[in-house]
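Here's a quick tour of a protein model for you. Have a look at the sequence and the 3D view before reading on.

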Amino acid sequence: MRRTVEQFRGSTAMAQVTIRNVKKSFGAVDVIHGVSIDIKDGEFVILVGPSGCGKSTLLRMIAGLEQISAGDIEIGSRVVNDLPPKERDIAMVFQNYALYPHMTVADNMGFSLKLARVSKDEIKTRVARAAEILGLQPLLERYPRQLSGGQRQRVAMGRAIVRDPQVFLFDEPLSNLDAKLRVAMRTEIKELHQRLKTTTIYVTHDQIEAMTMADKIVVMRDGVVEQVGAPLDLYDRPENLFVAGFIGSPSMNLIKGKIEGGKFQADGGGVFPLASVPAGYEGKRVIYGTRPEHFVFGAPDGIEAKVVVVEPTGSESMVLSRVGTTELTTVFRERVMARPGETIRISPDTRLVHLFDEASGKRIVSAH
């Protein structure tokens, strides 16, 4: 396999992608507001955010499918703002597989090379190599109607691989697949990147996809980059309330209140412990953030919480409870046998608590 992969990498050098103060407007409506991102050679970068945040528009500008209103995009050492897609040396995999139904798998994979007037022997060689990498050899003579959803997606990836591009672009490629197949395809795409080591930019709205696949995540909202970093850096050190609430499933508990007497007093009732009070915040309003799995169950000196729902999954238990009117989501490795209406004691790990300024939404302290 190593030799096969290196054959693909031999003809084209990998490329870094530099996005510098890029803006996009549709008429009077600004949708991308001065985005800057540095993507290293061979890096797997995921653009993630809610619908309408601008991530797919940014990907389409990198591909050359949308005009840039301002700023520069470089692939390798070339500014590609005015280059058509076919001259950017990129390959794109879309949400829709867009396979030609009247063509076999082999013909679908080699069609772009045929249009580029590559020789038949070279097309056959490249298709065979891509099929070997993706496990498609037994399917080369089948038609798309004879394939499963996962097999069709692999064919779409094979069509990109045979072009030997400097950059792969993926636009929500798994959103049409069922949950089990999405998990399997996540693994396949990540393994493919580890083999080929081609610079990859991947768009998704699914933060679980982003966490499990990316070397680096770019979190976007309303055409602005909220935070860039490695998956666990974003999880452990979110810079603001949006990233804290978006990254993680179940999402972080974010509770409004104020600091009094060295503890956090929740607006809805309940007193929560703090490892320390950040300078100048005694008596000030803050947002108290703690992840569901960062609670201890049954702590003798813990906070009293009334159980609302218990959801056992086998390996862990998710408990929705209330402290006063404050709702908390907690996840425990223990089997929680409590019934709705019963009282349990829970205690947050103060080393892992985050505090956010209520006015700005910025993180003011993290125990990491």
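Predicted model: local features only at pLDDT ≥ 70, side-chain atom pairs only at ≥ 80, totals over all residues.

- Domain 1 puts 6 residues into the contact, and domain 2 puts in 7 residues.
- About 570 Å² is buried between domain 1 and domain 2, and carbon and sulfur atoms give 64% of that area.
- On the domain 1 side, Tyr-235, Pro-238 and Leu-241 lose the most area to domain 2, and together they make up 84% of what that side buries.

**What the contact is made of**

- Helix H8 (residues 231-236) gives the most to the domain 1 side, with 3 residues.
- Sorted by class, that side of domain 1 has 4 nonpolar, 1 polar and 1 charged residues.

**Strands to trace**

- Strand S1 (residues 17-26) pairs with strand S4 (residues 70-75) in the antiparallel sense, over 5 bridges.
- To spot this pairing, look for Arg-20, whose bridge partner in S4 is Asp-72.
- S4 also runs antiparallel to strand S5 (residues 78-79), joined by 2 bridges, and Glu-74 has Val-79 in S5 as its bridge partner.
- S4 and S5 make a hairpin with 2 residues between them. Gly-76 in that turn has a positive phi of about 70°.

Key
Residues numbered from 1 in each chain as written. Heavy atoms only, no water. Contact = heavy atoms within 4.5 Å. Buried area = accessible area lost by both parts, 1.4 Å probe. Helix = DSSP H or I, 4+ residues; strand = E, 2+ residues; numbered from the N terminus. Nonpolar A, V, L, I, M, F, W, Y, C, P; charged D, E, K, R; others polar. Pairing = 2+ DSSP bridges.
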